[in-house]
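Hello,

Please find the structure below. Some notes on what was found in it follow.

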Amino acid sequence: MSTFDNPFDPSRPLHSTGCACGRHANDAEHARDSQLQCVPVESEEKRYENVVASAVMRQLFPQDAGRRAFLKTLGASTAFAALSQFFPLKMATEVFAQGGPIEKKDLKVGFIPITCATPIIMAKPMGFYEKYGLNVEVIKTAGWAVIRDKTINKEYDAAHMLSPMPIAISMGAGSNAIPYTMPAVENINGQAITLAIKHKDKRDPKDWKGFKFAVPFDYSMHNYLLRYYLAEHGIDPDQDVQIRAVPPPEMVANLRADNIDGFLGPDPMNQRAVYDGVGFIHILSKDIWEGHPCCAFAASKEFVTTTPNTYAALLKAIIDATAFAHKAENRKQIAEAIAPANYLNQPPVVLEQILTGTFADGLGNIVTQPNRVDFDPFPWQSFAVWIMTQMKRWGQVKGDIDYNKIASEVYLATDTAKLMTEMGLTPPKTTTKTFVVMNKTFDPSKPEEYIASFKIKKAS
């Protein structure tokens, strides 16, 4: 994920072509060689100042080469002073920071106590909501159906949701059809298949026939990734195993009680099962699909359209917190912030193992996977298309689907890109991309061909 631009740093591009180090054609190529880092600026005032200065510098120097030469000749401080003589940066910064009046400052945002909600949760104790003029109460909630219902009933203004949920709500799958939006992804990766310790010698999924699995919700990446993984190993998830919805906070207890053989669940449940000695991590979800979305910041279309300035401020706070969470050196601090009982109610050491990516796997190994969980807010519309293919594959929706229309209406990639640009971020140029799930490339322009390619799917 891109970070806030510093327009007076000659090593950082202000345009979306190329990468920060200058050795790659684009950020995707750069990311393959190194893990990009987010570097929050030192204050909100400085943040807005950089946003305004970036806009001015883009106009003065359409090509980064010219800006770099200018900065290397004068130096950052002299360049800032020179620019200020011709353009009132301080005044423009104040005007930009004010923005439109916030329609509703006091908000309620529901969350499930899992690490996927890290940006939404940590934004409260670490002051990100207040930074953008909001008074947000983040409310721990028992399960996903409760989250959905309380948001639909307007008890919550917005919520932490599973990334398929806004699509399902908009399509009327599992509830009445209500237009919903997902302007930001909360986390990518960050899940795992965890099995009961008694199954440590059954690492081949072909040996799992008759197993009972838990997932957090029917409309969840966990459900779709588990089904995908099983089917790729020849196991029919509707015939050969049982899959039931279990609220994440109850997963470890059900594993301990032998009610289930395993789960594909969010953290901290996977690591807590290891910590308690009742389970082991079979595979991280990143090893099924590197960079997959999981949870999201979601709100009704009504909230977005009737309180646009409140919505923008809330989304800015979430994007800002996500940028902070992306940076590896902030993870231990975040673990401390979200560990208390009113948030995740977990030992900080459990959260540190998850967030830092150095963890015990329950089989006697210490594993290092720095991107076990990561945080990137951009809501790729191709994510939404893939989710809909799995909803149709497993019989949750039927008939013709206008994939692109639904994806663009629910996953607000265009709006998010615009807001990210205003904040000084460099969003992707497009709203869709191809990606690989278990060695199979997904082309979002051919969803029906993708569904037809699978041998195992729900009978029509």
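**Sheet, loop and helix pair**

In strand S11, Phe-297 is the bridge partner of Ala-184. Strand S11 (residues 295–300) runs antiparallel to S4, and 4 bridges join the two. Strands pair if DSSP finds at least two bridges between them; helices (H or I, at least four residues) and strands (E, at least two) are DSSP runs, numbered from the N terminus.

This is a predicted model, where local features need pLDDT of at least 70 and side-chain atom pairs count only at pLDDT 80 or more, while totals for chains, interfaces and linings use all residues. Residues are numbered from 1 along each chain as its sequence is written, and side-chain values use heavy atoms, with hydrogens and water left out.

S4 and S11 belong to an open sheet of 5 strands in the order S2-S1-S3-S11-S4, with mixed pairing. S2 (135–140) and S4 (180–185) are at the edges with a single partner strand each, so one side of each has no neighbour in the sheet.

Asp-157 lies in the loop between helix H8 (144–152) and strand S3 (158–162). Asp-157 is buried, with a relative accessible area of 13% (buried means under 20%, exposed over 50%, partly exposed in between; 1.4 Å probe, protein chains only). Its side chain makes a polar contact of 2.6 Å with the side chain of Lys-104 (a pair of N or O atoms within 3.5 Å; within protein, one must be able to donate a hydrogen and the other to accept it, and residues adjacent in sequence count only if both atoms are side-chain atoms).

Regards
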